Every structure is written in C-alpha cells, then in structure tokens.
Amino acid sequence: RTCHEKRRTARVYVIIRDGTHNIKLLLLAYFKAPQKGFAAFKKMPPRMKVFILASLPSSLVNFRGALILSLLDAGHQVEVAAPGLTKDKGSAQWLNARGVICHDIKLSRTGLNPLSDLWSLILLSRLLRAQKPDIFLGYTIKPVIWGLFAARLAHVPKRIALMTGLGYAFTGQHRGKRGLIQWVARRLYSKALQFADLAFFQNPDDQADFSRLGLLPVTCESMVLQGSGVDLATFTPAPFPNDKIRFLMIARLLGDKGLREYATAAQQLSHRNPMVEFHLIGGTDCNPDSVPLAEIQSWQAAGFIHWDGAVQDVRPAIAAAHVYVLPSYREGMPRSVLEAMAMGRPIITTFAPGCRETIVDGESGFLIPIRNSKALIQAMQRFIDSPDLIPTFGAKARLRAIEIFDVHAINHAMLSALGLARERKAQDPDQ
C-alpha cells in the first residue's frame, strides 16, 4: 500500500489470534490516525501473556472480570487459575467465552497445613513453567505468597502482588492461634515480596503498615489504587422503596466484618422501630473467624435479622434497601460499599483502614468507630429520624463513586503501571 500522498511502501506485520481479532485492532489503529502512519503502532504495548492466580473461582469474574476485559481489549492473552475453577460452571463459561484459558489448581484458601501448601507451590511452579507467562499477578494472601514463590521458581519475568486486604492475619488480638498465624503470615509476606516487582495496595494504611513492619523490600515498588473499583454502568441508581426503611449488610459471615455489632444494633432498634427492617446477605465461610451458622439462624428466628444467604447478584437487594451498612474492622477497599454507593445508597461504615476512604463523613454517609454497636445504633437512628437525609446522602455517594471509584479508570492505572495500557477515552457513566 502507498502511504497517502507519499509514494512510499510500508510493510505491515500482523499477528493473527482468534481469527481476525488482531488484524482488526491494527488496521483500526492505522486508519483512525492516517496522518501518523504506522508510527501509531509503536505506541501500542507489545502483546503479553498475563497469568492471574485467585483463591476463589467466582472472584475472577465478580472482582477481576473488568480487569480481565481490559487486558483482552488491550490485545493481551490472559490465563487464570483457581482451586475448583472448572467446577464453577458459571465462572468458567464466562471466562472461556472470552478466550481466557482456565486452569484448576490445588490450593486451600484458608487451610493451615504447610505440607499441603508446599505441594501447591510445586504444582503451581510446574504450571507456570509450562505456560511461560510474561506477567504473573496474584491477589489475596495465599495466591500472593505462594504465587510469587512459584513465579520466581518458574522464571516468570514480571511478578505482581495485588493486596486486596490484609484480613485475618492483620486484625484482632496478637495472641493465641491468631497471633501465630499473624507471625507466620508476616514472615511469608516478607520473603515472598522479595520476588515481586510491584505491589498494588488498595488503601494507604495497608501500604504504610507493610513499610512500617519491614515487609516491603526496597526492590519492590508499591502503588496505591482506589480499591478494585465499581462498574458504574452495571451498578446504576435505583429509586428508593416507599415502604419500610431497610438497612442492608452484605458480607461473608465473619466476626471481623462487624456482623455481631450489626445484629446488636438490629435487635435494639427493631424493638422501638417496628417500621424498620435489617437485612443480611452473605454465605458461611471456613475462615477461623467465621460466625457459627446456628448463631445467624438464632437472629433470624428472633425476627430482628432477615438473612437471605449468599446471592449471585446483589443489585436487587441494594435496590430494595435505603441504607447500606458495613461495620468492618479492616478492609482493602470494600467492594460492596462501592456498589451501594454507585446505586445511590448512603453508607454507614467505620473509621477502619479501607473503610474510611470510601465516603465523606456527614455528606455521603456516617463513619463510626470499630467494635462499637452503640455508635452504629446512633448512626442508624439518624436516618430513621431524618429520612430526608437518605436521598441527599445517596446522591452524593453516587457522585463520589463516579469521581473516584470508576473501575475502568482504576484498571487503566494498573495497566499503565505495568506498561500494558492503551489510550483510554473518559466517558460520563450517567449519560
């Protein structure tokens, strides 16, 4: 082909993947900017193979789905692994339909057996050697720790840690079983992060704690993101119900989520406010901090908690609620709070790391101290006594979600840090 007015000949090199996908991508880049000629191709990042390791199959779609799509849209190949992934038909089908290669791995999310974890490390390093990815990315504690060790053994060129929250190993009392787990986890983090090129954190407190504890080596760069973000086109504002005021909490059934404080507040407020309901969504968990199922059922039997178990889609529950509540002791950046904000719901959460960054106190919700059911009751009562605050705070919560927590902006920042991003055009999600 001749290059426009000049009669020079340019050679076009095309990599074919999945039919004509990459051909379309390259020609689109050229014809959208003909005045730049093939110089536009030089700005496109090289095609990379990215391997993502998770501890829960559904999280690959629910929490990393937008990131995976961003990688695919940028022309990269994505492989994922999680224990029991092929048995999770919904997640596996979603991933396979988009050309993502899925692997089942042996990895116990909460188990404490060192021999089992060592065997998982061996199997994972073999898998990485066979697949030869350019970039490894692990998130949550075991995929970060054992994934970084395995990626180093497999000579993966770039190794990334995504710290989505410090969880059980960094909260609660530093004694007994939890104290031992904290001691082991911190030392494993310290060793594993020596093999990381970059660590993403979801709030500045987690980054500061890792630095203060000496867990971040000088060889590992770190960057703070605004959580995992929220898809503003999927979680859209919903009208408020016209009947009873409903409070909603969505969380795994763990004590560290503030579940018992929520139950205490619900029990006391339901007695003096019969036109108020308290709903809970979330499944049981094998975490050592798990609240016994019998305790949850006793709250439900007493009538002050409406527990609906785990659900696939939380949007109907958020739409049916007036105020979202998460009295957690510590988070990375609570996704459920961001989803409720995006749907225009005011928030009650804590001053804990990861939670206090989500809202503006007294503007889009209320912040309360952790482990303080009395403060939670007072915050809930303010919405009960002044229901006109609910739509006002909810509108400001939605605006804050747009300004700060857009998942596409956050994923673009991640890909830019990794040298994988393409140019992104900003869009107004409410247009």
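Mentor: One term to start: Ala, Val, Leu, Ile, Met, Phe, Trp, Tyr, Cys and Pro count as nonpolar, Asp, Glu, Lys and Arg as charged, and the others, Gly among them, as polar. This is a predicted model, where local features need pLDDT of at least 70, side-chain atom pairs count only at pLDDT 80 or more, and totals for chains, interfaces and linings use all residues. Residues are numbered from 1 along each chain as its sequence is written, and side-chain values use heavy atoms, with hydrogens and water left out.
Trainee: How many cavities of 30 Å³ or more does the search find?
Mentor: Three, over the whole structure. A cavity is a set of points on a 1 Å grid over the protein atoms alone where a 1.4 Å probe fits but cannot get out, and lining residues have an atom within 4 Å of a point. Volume is the space filled by probe spheres set on the points, which are joined across faces, edges and corners.
Trainee: What lines the second largest cavity, by class?
Mentor: Its lining has 10 nonpolar residues, no polar and no charged. Among them are Val50, Ile135, Met414 and Leu420, and the volume is about 50 Å³.
Trainee: And which residues lie nearest the centre of the largest one?
Mentor: Phe63, Arg64, Ser228, Asn411 and Met414, out of 13 lining residues. The largest cavity holds about 70 Å³ of space, and its lining has eight nonpolar, four polar and one charged residues.
Trainee: Which helix gives the largest share of that lining?
Mentor: H16, with four residues. Helices are DSSP runs (H or I, at least four residues), numbered from the N terminus. Both H4 (65-73) and H16 (407-417) supply at least two residues of the lining of the largest cavity.
Trainee: Switching to packing, at what angle do H4 and H16 cross?
Mentor: Roughly 55°, with their axes coming within 10 Å. Axes are lines fitted to C-alpha atoms, for helices over the stretch in contact, and angles run from 0 to 180 degrees between N-to-C directions. H4 and H16 are therefore oblique to each other, as angles under 35 degrees count as roughly parallel, over 145 as roughly antiparallel, 65 to 115 as roughly perpendicular and the rest as oblique.
Trainee: Which residues make that contact?
Mentor: Ala66, Leu67, Ser70 and Leu71 of H4 meet Val407, Asn411, Met414 and Leu415 of H16, where contact means heavy atoms within 4.5 Å. By class, that is six nonpolar, two polar and no charged.

Note on methods
On a 1 Å grid over the protein atoms alone, a cavity is a set of points where a 1.4 Å probe fits but cannot get out, and a pocket is an open set with protein on both sides within 12 Å along at least five of seven lines; lining residues have an atom within 4 Å of a point.
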